[in-house]
Amino acid sequence: MRIASAHSYEATIDVLQRRQVDLSDMQTRLTSGKRLLKASDDPAAAARAERALAAELRSDTSQRSVDASKVIMSQTESALGDAGDLLQQLREALVASGNATYTDAERSQLAGAMIGMRQQLLGVANRSDGSGSYLFGGQGSSQPPFVDSPTPVGVQFIGTSGQLQTASDTALPLSSDGVAGWLNASTGNGVFVTQSATNSVSGAPITGAWIDAGSVTDPSALFPVADTGYRVHFTSSTTYDIESYSVSSPATPPTVESSGAYQSGKAISLHGMSVTVTGTPTTGDQFNVAPSTPTLSVFDTIDAAIAELKTLNRTPAQRAQSTADRLRDIDSSMASLNLARSITGGALNLIDSETTRLGTQKLAAQTERSNAEDLDLPQALSEFQNQQTGYEAALKSYSMVQKMSLFQYISG
Amino acid sequence: MGTGALMSLGTRAMAASYAQLQTTSNNIANVNTKGYSRQEVQLATAGGQFTGAGFFGRGVDVTSVTRAHDEFLTREASLSSALAAADTARSDQLLRLEKIFGTGESGLGYATNQMFNAFADVASKPQDLSSRQVVLSRAGELAARFTTAGQQIDELQTGVTGDLQAAVSQINDLTSRIAVLNQKIVDGRGSGQPPNDLLDQRDTAVQDLSKLMQVSTIGAEDGSVSVFMGAGQALVLGTRTTSMVAMRDPYDNSRVTLGIATEAGNRALPTSLLTGGSVAGLMRFQSTDITDARNLLGQMALAVGLQVNEQQSLGLDLNGQTGAAMFRFGPVSGLPVLAANPSSANGGSAAISLTLQPPAALTAAGVSSVQASDYRITADGLGGFELARLKGGEIDPEFAAQSVLNGDVVDGFAISISGTAAAGDTFLLRPAGSAARNMQLNMTNPKLLAAASPLSATTGSMNTGTGEVGAIHYDSTDVAAYANLPATLKFQATAVAGQYTYTWTDSTGTRVPNTWSPGQPIVYPGTTPTNSFSVQINGVPTAADSSASPAVSSDTFVFGANAYPGSDNRNANALLALRDNPLVGAIWSGGTLQQGANVTDAFAGIVASIGVRVQSARSAAELSTGVAADAELARSSKSGVNLDEEAARLIQYQQTYQAAAKMLQVAQTVFDTLLQTAGR
């Protein structure tokens, strides 16, 4: 075997160059801290790193959505807190108005104070998030969503009920359903509504007696027939009939179910419910008991209370009926807003856990990406050392071998 | 026997040694000369002189100077260097191609995700113009990255074209040099001695030629060699050469195919004749890698662009109008219309164009979405056309060729054919090829982003069940198409426990009940088949049940036109959800859908596939370069000059020369002795 001198030079230079390229390649990796400089360094890892990067971006994006929801939900929570405070004040004013010693003038003053609170409450319901959307705007609304209209319509929600949500990754609320919170409280005591109707003889409002909100005594016996309400119809000042009537078509003549003897303050039982009529009813006085519906607007309640307080010359029974009804309604509205507040609180809880989850998810993605493309520094450094030594050895052996030539010895 | 014999012996020996010294010096002088083969002086005894005492040698003769040469090793070295050149050329080009598909923050995948993710901020604040502007900026950035990548691929193609043209002219230079050398060698052999240097030059030329294009050689009696390309086409026959030409691709002017110049004009050569050499590597890069890269990139650009456009068209913008297209492919917006490239050899007048179809229409019709492939349509001349899918420039065996008619929709595009085609006319179809380069942002006003859904659903306030409206799917944003809205959806219990029917009530009255199974979309029948919509109800709604005591009334869900598109974000959420839509390269086969990839996976797939190509091309290049180096080592160990050897020879021949000179001295002394003896 003969080594051609020219070829051996070429080959050695080739080897040296290759070692130098490897060395500089490793140096680039060391300075950038990346194992993957090109996809071809490790195609599978490159694809993994791409996916991990997308996952990382996605976590960031979802976090931005979560933050957007958090801003709105915390504002909603505080708005509902304010609404609760205002309703509490209204409730106190209402309780005060029930004081039998108050004069009409004093009641008017209270009504004036309540008008102010009502305006504040409307302001809370129409609160915006500070950047153009309304906290209780539902799926979309006019600006602002709750619009004061002349009686008998009262405050209306102009918009689409429901709520907006962030993308399906998180699906957190971006608005609250204003209709459900403010306008759809349960009427009555939540199961049924008692209502002081008119006198069937005179057609005038009832002035001598009033009915309380009632209570449930036997849930299984409630309203056995759909669309049917019941009526306590006084046939004299001491006797009454229990009639059933159609809620949807009140004009249909009612059916008498039973009769009873009246005693003021004594509970009347009907179909699992117990209601109490107090005072001195006159013949023809009617009190309705109908299923509760989710249609109670907090503004209507306040408007009714104000109107009633402003009405002069009402009988004590009428005032007692008003106070009882409005307190009942305010409580129902408060319950509805409290429910909205707890839903908001639930969303805020979810937001916190989402934030934690997204943090974990992002960390996992970052770890995955780092695993796929980052350099193991100790290993790389030792490899670099190896390559350096190798290169040095190559240089040395090259210079030594090239010195060894026969011509060196025959020069003399 | 006189002293003359001694003199003559010495002289001859000196001449022989001198010749050897000269050859050795020549070897040393040419140690670094490319292609030089070590030369040796061939010596022979000059024969004997018969005497009664036997034969006396007459000394030495220089018979010839030969070169150290092994036909087999030389051919082996040429062949392996041809393969190494092919692999290296492709590997070098692929490295450049890989840079176009950058990864991480500079990559296309990142830009795509950034654009989709920007919709999340629009969803959080639909009326905020600045977050809408961010979407447009990201979309512009994405389109620019696609365009840049497309242009970079074009530049690679231009480079390859230039390289191929240069290679072809080098090939022609080399073949004519070989022909000239053939002539000289034939002439030189007349002298009876081998023209070593000419032979070396010819071997070098053949080796250089091999690096460009693998050739085979056949020697002739007269010393000339004929050079053949691959298996058959002759390039050099004795002293005659055939010129190669770099021809324009019949379908695409920017590409090059190889041909030979004949008297009847240029004739294209099938690429299968090319087996090695950098030309083969470049041709393979051109026909497979560049085409695939373009198609993969274009497929992704189309998937993103067309889907975003389609989802835009299903929403309402801030002005309450149907969303406009966000991207366009080419100078005008709308579905991209591409002209098929007719072969330059076509005889007929037919022209074919493709219209890319919107993704939803494809899904509805059960047609595959755009594939990362080129297609070829061949006319039979009788009005029939056959479509074949190509893979690396050849027909893809996985796609059964099918006959197509004007208006047919295949793999994401509709074919329209005009004019009449002659038999054998061919057209190249590239549905995805130009998409990346032509992708542009088609929107400047951020108000035109369609973040709102045209329909809204409200859940009845009296509802007692857990049913919620999950999603609404609709095909038209034209509110007039839903003229009978609002429509109320109600459920009814049936005799079978747990089985419900549903009814729609709209301005035309109540529709016939249909059976509902949970999880199934509920279709609202529109006025025409194209304007229905379907809704998904999650949870369990309360159904009307008149037999219950008391009777139960149904939960209601009301669907109507969206009155407040300004603050609605549902279409923005749908646009955001496109990032998970597995529509890149979805394939329908036999009525079933093989899902494609979502954009992230699609891009990761492209990165990996290009990476694997580079990796395997690089290892192939390393392997074949190693083999070529070994073959070269073997060849050079036979033909190359080793300086130590030559130094040793120098000493050897110097000593022989000195000995021969001594012979002369002895001869002279002998003669002198004789003269002195005779002179006394």
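Where is the place of A:His271 in chain A? In this predicted model, A:His271 falls in the loop that runs between strand S9 (267-270) and strand S10 (273-279). A:His271 is not a glycine, yet its phi is positive, at about 45 degrees. The residue is partly exposed, with 27% relative accessible area.

Chain B has a case of its own. B:Asp411, again a residue other than glycine, shows a positive phi near 45 degrees. B:Asp411 is found in the loop between strand S20 (409-410) and strand S21 (413-418), and it is buried, at 7% relative accessible area.

Turning to the aromatics, a search of the whole structure picks up 22 aromatic pairs over all chains. One of them joins A:Phe136 and A:Trp182 edge-to-face, with 5.4 Å centre to centre and 80 degrees between the planes. A:Phe136 comes from the loop between helix H3 (104-125) and strand S1 (140-148), and A:Trp182 from helix H4 (residues 178-183), so the pair ties together parts 46 residues apart in sequence. A:Phe136 is buried, at 2%, and A:Trp182 is buried too, at 1%. Both rings belong to a cluster linked by ring pairs, along with A:Phe146, A:Phe157 and A:Phe299.

A:Phe234 and A:Tyr262 also pair up: their ring centres are 5.1 Å apart and their planes at 90 degrees, so this pair is edge-to-face. A:Phe234 sits in strand S6 (residues 228-234) and A:Tyr262 in the loop between S8 (255-261) and S9, so parts 28 residues apart in sequence are tied together. Finally, the charged end of A:Arg231 sits over the ring of A:Tyr245, 4.3 Å from its centre.

Conventions:
Residues numbered from 1 in each chain as written. Chains lettered and ligands numbered in written order. Predicted model: local features only at pLDDT ≥ 70, side-chain atom pairs only at ≥ 80, totals over all residues. Heavy atoms only, no water. Helix = DSSP H or I, 4+ residues; strand = E, 2+ residues; numbered from the N terminus. Buried < 20%, exposed > 50% of the residue type's maximum accessible area, 1.4 Å probe, protein only. Phe/Tyr/Trp six-rings, centres within 6.5 Å; stacked < 30°, edge-to-face > 60°. Lys NZ or Arg CZ within 6 Å of the ring centre and 35° of its normal.
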